[in-house]
Amino acid sequence: MDQINNIEVVPCTNSNYLKPFRVHYNQNGTKKSWDFMRTHDSVSVLIFNTTSHCFVLVKQFRPAVYMCEWERTKPQPPETAEKAEGGAAEAAAPESQEGQTVPEGGSSSPQPPALAGVTYELCAGLVDKPDLSLEEIARQEVLEECGYDVPASKLRRITSYRSGVGVTGAKQTMFYAEVSDDNRVGEGGGAPQEGELIEVVKVPLHEAMTFAYDESIPKTMGVIFSFIWFHNNMSPKYKISTNV
């Protein structure tokens, strides 16, 4: 997971996962337009191991996160004296960087370590199997990514919500699954044939909320929300502390 090299950024002209569009519309008499992407809906699963009192998360490299972090480090063009002084002159537009294989800035923006693109997430997957229910898709993801065999009937639906509403508006449905060490039938790690390279990570229950609010740990909103949900709904039942 820590060996990232030979990076090349190219136009995305054909994808099985996203399709860009531009919609034109009128709202209250005002003509508007908006760029968006059509993507798959998804499922996610908060997994709690009742044997070890740990949450089971996945850790993986996300190219989109990595490239965004790289963009943050690129040098910003200095403002012209006229602009800084409030003059009317405009700074010259930078030359187009289209076709460049690294972020704008080139060698003056060193490639960050792979860790910059690694995130902690809930076990999750795309809703791309029309013959399966959401619960069955979630069950498959738990088995593939984390190695636990959980009957679909044992998955508890928490809620569903829209993600990336400014760009995609896709719906994610979140489930809760309780597992024990007896349910562990494999190592997990994802499906290599699909390009997945996943590390299974355990977060002790008593460290959960500290983990959730630690901004130095890159994580998805799903992790934070699900930990709060567990604290509000499951901790009183089991009389367990989540260190809040």
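Helices here are DSSP runs of H or I with at least four residues, strands are E runs of at least two, and both are numbered from the N terminus. Keep in mind that this is a predicted model: local features need pLDDT of at least 70, side-chain atom pairs count only at pLDDT 80 or more, and totals for chains, interfaces and linings use all residues. Residues are numbered from 1 along each chain as its sequence is written, and side-chain values use heavy atoms, with hydrogens and water left out.

**Helix α3**

- α3 has 13 residues and reaches 18 Å from its first C-alpha to its last, close to the 18 Å expected at 1.5 Å a residue (the expected span is 1.5 Å times one less than the number of residues).
- Ile 137, Ala 138, Glu 141, Val 142, Glu 145 and Cys 146 are the buried residues in α3; "buried" means under 20% relative accessible area, "exposed" over 50% and "partly exposed" in between, with a 1.4 Å probe and protein chains only.
- Those residues sit on the same side of α3, because they cover an arc of only 140° around the axis; the arc is that of the directions from the helix axis to the C-beta atoms.
- Here's the background: an α-helix has 3.6 residues a turn, so residues three or four places apart point the same way.
- The cover over the buried residues of α3 includes β3 (42–49), β4 (54–61), β6 (123–126), β8 (170–179) and β9 (199–204).

- You'll find Leu 155 in the loop between α3 (134–146) and β7 (156–163).
- Leu 155 counts as buried because its relative accessible area is 9%.
- Which residues does Leu 155 contact, leaving aside its neighbours within four places in sequence? They are Val 45, Glu 135, Ala 138, Arg 139, Phe 175, Tyr 176 and Ala 177, with contact meaning heavy atoms within 4.5 Å.
- Leu 155 and Ala 138 are 17 residues apart along the chain, and their C-alpha atoms are separated by 8.3 Å.

**Salt bridges**

- How many salt bridges does the structure hold? There are five, each defined as a side-chain nitrogen of Lys or Arg within 4 Å of a carboxyl oxygen of Asp or Glu.
- One of them joins Arg 139 to Asp 149, with the closest N and O atoms 2.7 Å apart.
- That pair links distant parts of the chain, with Arg 139 in helix α3 and Asp 149 in the loop between α3 and β7, ten residues apart.
- Arg 139 is partly exposed at 27% relative accessibility, and Asp 149 is partly exposed at 31%.
- Another salt bridge brings together the side chains of Arg 72 and Glu 69 (3.0 Å, N to O).
- Both Arg 72 and Glu 69 lie in helix α1 (residues 63–73), three residues apart, or about one turn of the helix.
- Arg 72 is exposed at 64% relative accessibility, whereas Glu 69 is partly exposed at 30%.
- Lys 129 also pairs up with Asp 128, the closest N and O atoms being 3.3 Å apart.
- Lys 129 is partly exposed at 28% relative accessibility, and Asp 128 is partly exposed at 39%.

**The largest pocket**

- The largest pocket holds about 2,100 Å³ of space.
- A pocket is found on a 1 Å grid over the protein atoms alone, as an open set of points where a 1.4 Å probe fits, with protein on both sides within 12 Å along at least five of seven lines.
- Grid points are joined across faces, edges and corners, and the volume is the space filled by probe spheres set on the points.
- The lining of the largest pocket takes in 50 residues, and Gln 60, Arg 62, Ala 64, Glu 121 and Leu 126 lie nearest its centre; a lining residue has an atom within 4 Å of a point.
- α3 gives the most to that lining, with four residues.

- Ile 4 is in the segment before β1 and is partly exposed at 26% relative accessibility.
- Ile 4 touches Phe 61, Gln 111 and Ala 114, not counting residues up to four places away in sequence.
- Asn 6 has a positive phi near 50°, in a residue other than glycine, and is exposed at 75% relative accessible area.
- Asn 28, in the loop between β1 and β2 (30–39), also has a positive phi near 50°.
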